[in-house]
Amino acid sequence: MNNNRRDFLKQSAATIATMAIGSPISQLLTSCGVKNESNATADAVIVLFMAGGMAHTETFDPKKYTPFSKGMRSDSVLSTFKSVPTALDGVHFSEGLESIGKILNKGTVIRSYVAADLGHILHTRHQYNWHTCYEPPQSVVVPHLGSWIAKELGPKNEVIPPFINIGQRFDVGEGEELKAFHSAGFLGSEYGPFMIPDPTKGLDSVRPPVGMSQKRFESRNQLYEKLVKESAMGEFGSDYQKESLKRSMEQAYILLNSPEAKAFDLSQEPKEKYDIYNTGKFGLGCLMAKRLIEQGARYITVTTEYVPFEGWDTHENGHTRLVGMKKMIDAPIAQLIKDLDESGRMDKTLVILASEFSRDMLMEGRPDLRVLDQVDQPDVIEDIKNYGMHRHFTDGCSMLMFGGGVKKGSVFGKTADERPCKTIEKPIKIAEVHQTIYHALGISPDTNYEIEKRPFYTTPDGKGKVATDLLEKKA
Amino acid sequence: MPSKIIGGQFGGTFLFFCLAYSQALAQDVAQVEGGFDFMQFIGRFHIVLVHFPIAILLLATLLEVFSFKNFNSKYRPSIHLAIIIGGISAVFSAIFGYVLAQNEEISGDTLDLHQWGGFSTAILSLITLGLHWLVLKKKQNSKISVYRFSLFATSLAVIFTGHYGGSLTHGDDYFSFSEPKATSDKSSLLSMNTDSLSIENQIKLVGEVRAIFAHNCYKCHSSNKQEGKLRLDQKEFAFEVGKHGKVIVRGEPENSELVRRIKLPRNHKDAMPTKGKALNEDEIALIIFWIEKGAPWPEGSLQPRLFRVAKMEPRKPILPTPTGDLKNPIDLWVNEYFKQNRIEWKPKVDDRIFLKRAYLDIVGLLPTASQIIAFSKDQNPNKRASLIKQLLAQDEEYTQHWLTFWNDALRNDYTGPGYITNGRYNITDWLYTSIKQNKPYDQFAKELLSPKEPSKGFVEGIQWRGTINASQRVEMQAAQNVGQVILGLNLKCASCHDSFISDWKLEDAYAFANIFAEERLEINRCDKPTGKFADTRLLWQNFGNIDSTASRAKKMEQMANLLVRPENGRIYRTVVNRIWKQMMGRGIVESPDEMDNEPWSQDLLDWLASDFVEKNYDVKELIYLIATSKIYQMPSEGVKSTNLLYDNSYTFRAMARRRLSAEQFSDAVSQIITPIFTIKDLKYTGTKPNILKPAFARASLVANNAFLTALGRPNREVVSTSRDSQASLLQALELTNGERLTNVLARGAKYWKAQFKTRDVIIRVLFSKALGRLPNNSEMKTAQSAMDENPSIEQIQDLFWAVLLLPEFQLIY
């Protein structure tokens, strides 16, 4: 039975691949830019997104520890955690990130990401900018990074959607603003994100409807296929709509019926491993990402989820809440890297940890471009709830990169050791981050589509530069 | 006998030797910088040389035909000579050709074919020579037929090779594609072969040249982008030294890098333009001529009109006389078009297809089974027209359908970015009422452009929080959206910098945006302030003035009054084209947002727009006219790919086949099975819910959700005037295992199980409701075999699913 299904799957995947040649809406777009997959150092991407603004000084770029004491001055605080050593000599992370620290020899920590200057600071606008490389609003709907990659490289395994987004719900505050960039935009809906808001229910998205047995699912599909053949509409001949309807149904059936769909089923994982990952939705999202990459996923985002004033979005109790946040990410991320390494996928999988911007206790915006404060912070701290990084800071943020051709055991950029801890060496912006990802995947910087007769590039005007210092091989 | 193959063997070895030698030589020569490039000379000599084997070998073949009856005819010596010269020249052509290919770094399929053809020709001609020699000198008469066969094979190879060689030099479409001859302007310019051109002619000449630059080069070489540091849009830059030396050398086309590049074959790495079509021979000739004449670019030569611009003024062409059954003016114009394009009328579609089409297009719902039966029994010859009238009179249903189209275009929605901080205004109440009242379009547009509170959402746009790009400030959004939706033109490019897709300048966009501004806006170029300010004016200078000192409201009122005047043919061409596209699947002009593009029938478009004005801007009247035309009743046309539908070469034959919209699909499910959205989901309650039973909320009246998004309802943060009709995996997944549809079908199955007793009744009712027909025998059998005689709820549910997903259900035939 299983064998048969697998055979069927192979055949059908081949059919889809053939059919995909006579393809879709996006064909209307005139494409420019050459793929150069032969130079690619990566063929898959995982973005671990720390939504809500992760303070660099409290995580991957710790400064002098300033313990809490009543009556302390806000401007005296640098880090609210101790530093701990990492696998690299002289490089420290913040307390609570020991596991990730131990695997830093497998990747690079970037300490000089500078977020865009969008004025009055808003999470969803900066997230839009991070994920699309463009500043909102735009006069056309802009594709997400994952959609560009899905469009340019297609699925790696025909039955796994090429762009999967794990962990974000839309029925939360600013949900509409979140929807605005979780989109394939003008590339066409087929390259849009496959949304799995809750990884524990991920399987529901890829199996027959809840309550429907496999047998019933198959006979329902047979009924459909027979009726398509017998339908009187044969007399109207074929056209692209009919063909694309049939093709999409066939693809859906294959995915819902495929052995690969088991990748979405976390209960298949051995308990010991499951437990390491299980720090909540985010940790399980990492586990799902691992399983999907092993089955041939192309692009995955796992987010800690953006919900206003939750997660990394600390407007008070910053210190206390970060203890929990670090616990949530530390073990699963380290385990993800280890597992990918063991399965041999690490070499070709680019893993990126990032946040839309950083935080500071006092500085809203950046030193030269201060904007309206959104959080009250007393000059003198009496209550521990005021102890933490509560304002939005854009001038120095940390990122991690592993695998896919990224240098191993390396530190990129530097921030000042005194407040405000802004970038002082090798500032890197979003266009360079994106171009470096595209470069690793072998997608040319000239890649663009003509939309409303105007060329639209992967990075604004195609001008993003590859940050070669991040990569083992020079560009 | 070894001597038989000597010729061939020798030829092959010789060829191989020459190739190897020439390659080595080419490499040596390439290492010597500068000086006379011998290899390049040899290579280019190929082009001259190839004509020898072509002519001479074909001549030999021709003479051989004349000598068919008598081998020893008087032509025999000539044939022998021809084969010798032809063979040798073929060998040298092949070698030189190989050198050429190496030197010019050309590659591609055409080249490969040509190259192998060339080698084969050379070898075949040597074999032929050998065989001929055997027959002639060794008297081996038995070889005559082999020799002749070989000669004919050689001439076929010559033709094959010559064809691909031609394709390499002249382009693939040299034979099949006949470019319209140079415009009289261009050819008359070329014939101005006097040494000095008058200033007037110089201006004309540079104008034509710049038009070529604009269409083919500006994308990468103008104010927006300067690849290779080259800018061709202004005189002071065009003659600068670029990254690869002097691009244009006055009077010396042969030393101008630009000329070298545009003449290169398409697949050469240096060939220009890299994007879009290659320049045609006339264009190249014109540029060379211009440079020969010293590349004159006199001061005061105006930027020529670079892009097609549609006429503003209305035009009402005289209707052709009615013939036969053609009375509807639309049909008369279509008939003219059909005659020109030699297209035949087809018979009208049957009642069932017509009914589904008309219902979905006018009220967005499916006809019920009893409506279908009643209609098919109706003997009235005018029943179709009466039906259209009756559907248009269903105000509520009509409004709930057309609301979707206008919501997309005016980016009006119940939820979306911006509402969270009151940065956006909903206009549903005004829009619903206006559609329902069938408000004359001039009034409708006026209320959008110069709004009172209820309709202000469109021009107020979305106020995003934080700092935004200058080209997205609300005043500029208004200019862009009024341009796009109301006037069918694209100002998006020009709101950041001078447009390279139209003649609009940055200043035009700012002048227009100033109408929507309290105070004049400082011009920002690519988001950088320039310190300059534009006037306050409409996009067309001679269209009436706006008082720049007036208040914002007054300025907008003046603009609205000027724009809706009947003299503005553009605004009405734009709207009739939109309605046409909604009804027929493809605009008379595509895209409907670019009304400067060429319509497939200017007469039809102009006539419809003028008629629309005469009939008091009555949208329902326009829909009636379209829906009662014969062309609306023709079978729809399915195309193999969306490209064909929007391609420049599109020929109109019939309505384009369409897919149900997200709203039409949802409403159909609500109608057939059970409500997918209920009264509780209504986001707009300013109306009585529809009269249908059971009562359900039309999808146009509910908030966007994952189900509707998957089926194509856009996030209305930008204007959207056409929906993506392509199915995708994500859609299919939503339909196959999505919670919403699954639950609705399960609920419906329960309800049906209680209502209908037997399997066969259920099958028949479902087919009638969903497809407007009974199942045929094999469908009946298939459905029966999937269900027990007393079917379970699950079985009913699965039948629902299978039928609703049929292309026959989802497409409008």
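**View 1. Helix α20 of chain B, its length and its surroundings.** Helix α20 (residues 474-486) of chain B has 13 residues, which at 1.5 Å a residue should span 18 Å, and the 17 Å between its end C-alpha atoms agrees with this; the expected span is 1.5 Å times one less than the number of residues. Helices (H or I, at least four residues) and strands (E, at least two) are DSSP runs, numbered from the N terminus. This is a predicted model, in which local features need pLDDT of at least 70 and side-chain atom pairs count only at pLDDT 80 or more, while totals for chains, interfaces and linings use all residues. Residues are numbered from 1 along each chain as its sequence is written, and chains are lettered from A and ligands numbered from 1 in the order in which they are written.

Of the 13 residues of α20(B), 12 are buried, among them M476(B), V482(B) and I486(B). A residue is buried if 20 or more other C-beta atoms, placed from the backbone, lie within 10 Å of its own, exposed if 12 or fewer, and partly exposed in between. The cover over these buried residues includes α16 (395-409), α18 (441-449), α19 (457-460), α21 (506-513) and α23 (569-584) of chain B. Just after α20(B), G488(B) has a positive phi of about 65°.

View 2. R525(B) stands opposite K528(B), a residue of β4(B). Two residues lie between the strands of this hairpin, and C526(B) in the turn has a positive phi of about 45°.

**View 3. The side of chain B that touches chain A.** Here 63 residues of chain B are in contact with 63 residues of chain A, contact meaning that the C-beta atoms of two residues, placed from the backbone, lie within 7 Å. Helices α26 (642-646), α29 (729-737), α32 (777-785), α33 (793-804) and α34 (807-810) of chain B each supply at least two residues of this side, and α29(B) gives the largest share, seven residues.

**View 4. Chain A as a whole.** Chain A has 12 helices and 21 strands, and its C-alpha atoms fill a box of roughly 80 × 55 × 40 Å, taken along the principal axes. Of its 475 residues, 56% count as buried.

Notes. Two strands pair if DSSP finds at least two bridges between them.
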